[in-house]
Amino acid sequence: QVQLVESGGGLVQAGGSLRLSCAASGSILSFYSMGWYRAAPGKQRELVAVIRSGRTTNYVDSVKGRFTISRDIAKNTLYLQMNSLKPEDTAVYYCNAKITTLTDLTNYWGQGTQVTVSS
């Protein structure tokens, strides 16, 4: 069982920055991928950024050039550096880890952290 604990959310003005952290209970080297999702009020949860075991990354178009996903293997921690924040970035942000075996894939989720960007 993997536990993910997010931190770093909060209230920030438009144009500001926040860094989210996600501490994992296991070695993240063994994870197929880790990512950040977000859920805004009235909207479906969307993938914001993902980093795979081969260190490749992908971002949703709306955050490209503003957000950076990274990980610290030694600390078993995933990060999301968010710069030039916009009011439309307001959402609950969730950390996700995918672990694969020969026969299946399991998703693990953190509890979520609120990010609110004021205009």
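**Exercise 1. Work out whether Y37 is buried or exposed.**

Step 1: grab the cut-offs. Buried means under 20% relative accessible area, exposed over 50%, and partly exposed in between (1.4 Å probe, protein chains only).
Step 2: look up the value. Y37 has a relative accessible area of 16%, so Y37 is buried.

A quick word on the ground rules: this is a predicted model, where local features need pLDDT of at least 70 and side-chain atom pairs count only at pLDDT 80 or more, while totals for chains, interfaces and linings use all residues. Residues are numbered from 1 along each chain as its sequence is written, and side-chain values use heavy atoms, with hydrogens and water left out.

**Exercise 2. Find the aromatic pair and say what geometry the rings have.**

Step 1: count. The structure holds one aromatic pair.
Step 2: classify. The ring centres of Y37 and W109 sit 4.9 Å apart with the planes at 70°, so this is an edge-to-face pair. The rule: rings of Phe, Tyr and Trp (its six-membered ring) pair if their centres lie within 6.5 Å; planes under 30 degrees apart are stacked, over 60 edge-to-face, and the rest tilted.
Step 3: Y37 belongs to strand 4 (residues 33-39) and W109 to strand 10 (residues 105-109), so the pair ties together parts 72 residues apart in sequence.
Step 4: With a relative accessible area of 35%, W109 is partly exposed.

**Exercise 3. Which elements make up the protein chain?**

Step 1: tally them. There are zero helices and eleven strands. Helices (H or I, at least four residues) and strands (E, at least two) are DSSP runs, numbered from the N terminus.
Step 2: A compact globule of 119 residues would have a radius of gyration near 14 Å, and the protein chain has 14 Å, which agrees. That radius is taken over C-alpha atoms, and the globule rule is 2.2 Å times the number of residues to the power 0.38.
Step 3: The C-alpha atoms fill roughly 45 × 30 × 25 Å along the principal axes, and 42% of the 119 residues count as buried.

**Exercise 4. Where do N76 and S84 lie?**

Step 1: start with N76. N76 is in the loop between strand 7 (67-72) and strand 8 (77-82), and its phi is near 50°, a positive value in a residue other than glycine.
Step 2: move on to S84. S84 lies in the loop between strand 8 and strand 9 (91-100), also with a positive phi, near 50°.
Step 3: Most residues other than glycine have a negative phi.
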